[in-house]
Amino acid sequence: MSRHQAYRNYDYENDLDEYEGGEYSDGEDELSPEDRAHMTASTAQVRLSLGSDSAKVTTTQIEEALWHYYYDVEKSVAYLASKYISPKSAKPPAQKKNKSEDDKHFKPRPTPSLGHFFHDMPWLNIPNDRRTIFIEPSRVCGGLLGGSSSSGKMSKLQALAAARKKKAEEQKLENRKMPSETKAASPEAAKEHASSMSEVLVERPSRKQDIKSLPVHTTAQTYLSRDRMTHDLNPTTIQPQTSSLAAEADAPIDTLELTAPSAFARTLLGPSISSSAPVPRNHYPIPYMSLTSSVADAFSEPSPDDVVLTAQSKASGKKPVANTHKKKGGADGKDESVIDGIKVMRVDDTPLPKSKNLDVINEFKNAKRKKNASFVVVGHVDAGKSTLMGRLLLDLGVVDQRTIQKYRKEAESIGKSSFALAWVLDQRSEERSRGVTIDIATNKFDTDSTSFTILDAPGHRDFIPNMIAGASQADFAILVVDATTGAFEAGLKGQTREHSLLLRSMGVSRIIVAINKLDTVDWSQERFDEISQQVSGFLTATGFQLKNVSYVPVSGLNGDNLVTKSTNPAASWYNGNPLITELEASEPMARALTKPLRMTISEVFRSAQSPLTISGRIDAGSLQTGDALLIQPSGEKAYIKSLELDSEPVDWGVAGQNIVIHLSNIDPIHVRVGDIICDPKQPIASVDTFTVKALAFDILLPMQVDVHRGRLHAAGQIVEIPALLDKVKGTVLKKKPKIVKPASVARIVVKMSSKVPLEAGQRVVLRSGGQTVAAGLLE
């Protein structure tokens with residue numbers, strides 16, 4: 001029978017009945033013989049302890065107490081005595097009654113007033129002789145001041161408004177009557193009282209009265225008098241202060257300057273009795289309440305300072321600096337003072353550091369210096385590029401043997417003893433731990449005729465943007481090829497071919513092929529010839545001319561054919577020049593000395609000379625200390641504080657030199673790696689859309705791409721392909737193709753996500769999905 005069938009026939013009710021049987025329930029009610037014997041002995045001890053009081057408890061109560069206290073006789077006796085023999089008496093109900101009576105007589109504590117709460121504050125303990133005396137200002141007249149002085153006849157509209165106003169006042173007076181006043185007075189009396197109040201309020205004084213000085217009031221009285229005055233002036237309210245208001249009106253007060261009420265005021269408050277000619281006032285209780293003179297008159301004349309400045313300007317024959325009381329409009333109606341202010345705010349282009357105003361081109365021609373050349377070292381990963389350059393610097397004496405021994409000990413401690421020479425260029429801890437070059441490593445060395453700058457590029461495919469940045473600064477290149485069996489073939493399918501393609505796309509025409517690690521194949525000439533033929537094939541297809549390509553068999557670890565020819569008998573078949581001789585024979589590119597200044601920022605850091613220091617290669621033009629520079633795309637201006645070339649201070653720099661610039665008068669947040677340094681008078685434009693004549697390495701169509709130009713790396717999109725071009729003639733073969741096949745030349749339009757500094761003639765590389773898809777020139 002299967003397992004499922006057994007579960008299907010399982011009898012659950014039988015098991016439940018067995019579980020609910022009397023096996024467990026009977027055991028709970030009955031004691032075991034040992035427990036029964038122990039219970040009997042303990043019960044006898046409890047009765048003995050209770051003595052005569054044992055008759056007050058039953059055997060069942062004693063057994064329950066013993067069972068609860070686990071046969072503890074003392075605790076059981078205490079429990080029985082407190083529970084059954086002498087229980088505690090309950091509280092008499094009289095206490096509850098007294099408690100309720102206390103609750104009735106309980107009075108809550110009164111809430112303290114604010115004055116009592118702040119009774120100990122120092123600002124309240126002020127002597128009477130130091131308290132402020134408030135003088136109540138003169139009362140405002142009941143009607144509206146100003147308006148027309150003519151006393152014409154009231155129009156129908158004014159009469160209607162006055163009737164409605166009177167009716168509304170009567171209605172409000174009726175609604176505001178107190179209940180006691182309603183019982184005492186009839187509606188007719190209320191109307192008469194309201195009308196009399198309105199007459200008192202509307203009535204204007206026929207003669208000038210003097211203001212009576214008010215007595216000294218406390219703070220509370222002052223506020224009360226102010227509220228009473230405000231309430232009394234409202235004609236819609238009735239208060240007992242009416243009689244006091246009339247009494248104060250009869251008192252002599254200062255004369256007030258009154259004008260005839262306007263038509264609107266007469267409509268609201270009724271006609272007024274014409275008064276005699278106003279008398280000038282001489283007394284003002286509070287100055288800011290009623291100013292008779294115009295405020296503008298106080299500022300209509302020149303201030304004392306203006307008078308002094310004008311006199312000094314006339315004495316010296318200069319134009320007054322400022323004129324605050326006169327405004328003259330020009331021909332276009334603008335204020336001359338505003339125009340003068342704008343002229344003062346104009347930014348001065350004079351550089352802050354002092355400039356020697358040198359003729360940099362003539363200084364460069366007259367200077368007896370070695371020619372400068374930069375070369376980039378490229379190749380597949382693990383081809384031995386860094387080791388090759390480290391050995392070259394060791395043989396040239398740039399690095400001493402002690403430093404190499406130090407690096408070798410450090411490399412042996414992490415199990416990478418063969419990387420000691422590579423650590424001469426790979427200075428970063430991440431590069432040393434991983435054993436690969438990540439960023440561009442630079443170093444310098446000099447020969448008898450040339451000053452060289454090494455740009456060691458990474459060979460891993462993940463760091464192709466850094467390789468592009470190095471190739472954009474190079475005059476020529478060294479392509480390192482691994483001669484080990486299988487390694488060359490892997491590199492040919494990997495970065496060896498892509499690096500060659502990128503070199504030609506960036507404008508590098510001279511290339512030296514260093515076939516490395518030939519000592520691992522016993523300096524086989526056949527292997528050397530095989531690699532040379534295959535490399536020549538794809539270099540020619542890429543666009544290099546064979547006259548500009550040289551092949552040198554080398555051993556980077558042992559130093560063969562680097563500075564001197566190899567002494568190994570197995571390498572005697574090679575009759576060519578060593579690597580250093582080929583480097584000296586390579587001519588750098590032509591320098592664009594007369595073109596506008598262009599320099600790509602390679603590094604941004606802080607130094608002792610300046611809080612903002614940049615370095616990079618001058619692509620075109622020249623510069624000198626004190627020059628003003630423009631940083632694009634931020635558009636910020638900076639000044640050259642000082643210059644360094646090969647760690648030595650200099651006064652000027654020209655195209656082709658890798659120079660360090662110490663900047664001033666600029667915030668570091670406006671300077672980034674990949675920005676362009678240019679002349680403020682001839683700046684480079686920042687664009688977000690450009691057209692490029694590109695050679696396709698892969699299928700091109702409207703898609704997302706990454707644009708690389710030197711250190712610049714920005715996201716973009718191919719939005720349009722206007723035409724397909726002929727490779728040789730450049731004529732249009734097809735307009736608006738849908739796709740561009742590999743090895744074809746096309747004109748494409750790229751739109752950037754943000755503005756970048758680009759101009760015609762620059763070389764850009766387009767990448768997508770980790771692959772180089774196109775490269776070309778901007779139009």
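Predicted model: local features only at pLDDT ≥ 70, side-chain atom pairs only at ≥ 80, totals over all residues.

Colleague: What share of contacts join residues at least 24 apart in sequence?

Modeller: Count the contacts between residues at least 6 apart in sequence. Of these, 71% join residues at least 24 apart.

Colleague: Now a helix pair. At what angle do α4 and α6 pack?

Modeller: Start with the angle, then the class it falls in. Helix α4 covers residues 33–50 and helix α6 covers residues 73–85. They pack at about 55 degrees, and their axes are 10 Å apart. α4 is therefore oblique to α6. Angles of 65 to 115 degrees would count as roughly perpendicular, and those under 35 as roughly parallel. The crossing of the two is right-handed.

Colleague: Which residues meet there?

Modeller: From α4 come Q45, V46, S49 and L50. From α6 come V73, V77, L80 and I85. By type, this contact has 6 nonpolar residues, 2 polar and no charged.

Colleague: How do I check the length of a helix, and what does α24 span?

Modeller: Compare the expected span with the distance between the end C-alpha atoms. Helix α24, residues 525–542, has 18 residues, so at 1.5 Å a residue it should span 26 Å. Its end C-alpha atoms are 26 Å apart, in agreement.

Colleague: Which residues of α24 are buried, and what do they pack against?

Modeller: The buried residues are R527, F528, I531, S532, V535, S536, F538, L539 and T542. They pack against three strands, β4 (476–482), β5 (511–516) and β6 (549–553). They also pack against helices α22 (487–493) and α23 (495–505).

Colleague: Next, single residues. Is V654 buried or exposed?

Modeller: Read the relative accessibility against the cut-off; under 20% is buried. V654 is at 0%, so it counts as buried. V654 lies in strand β13, residues 652–654. Beyond its neighbours within four places in sequence, V654 contacts V360, F364, L593, I618, G621 and S622.

Colleague: How far apart are V654 and R617?

Modeller: In sequence, they are 37 residues apart. In space, they are 9.3 Å apart, C-alpha to C-alpha.

Colleague: And S664: buried or exposed?

Modeller: S664 has 18% relative accessibility, so it counts as buried. S664 sits in strand β14, residues 658–664. Leaving aside neighbours within four places in sequence, S664 touches P353, A638, Y639 and K641.

Terms used:
Residues numbered from 1 in each chain as written. Heavy atoms only, no water. Axes fitted to C-alpha atoms, helices over the stretch in contact; angles between N-to-C directions. Helix = DSSP H or I, 4+ residues; strand = E, 2+ residues; numbered from the N terminus. Parallel < 35°, antiparallel > 145°, perpendicular 65-115°, else oblique. Left-handed = near helix turned anticlockwise from the far one by under 90°. Contact = heavy atoms within 4.5 Å. Nonpolar A, V, L, I, M, F, W, Y, C, P; charged D, E, K, R; others polar. Expected span 1.5 Å × (residues − 1). Buried < 20%, exposed > 50% of the residue type's maximum accessible area, 1.4 Å probe, protein only.
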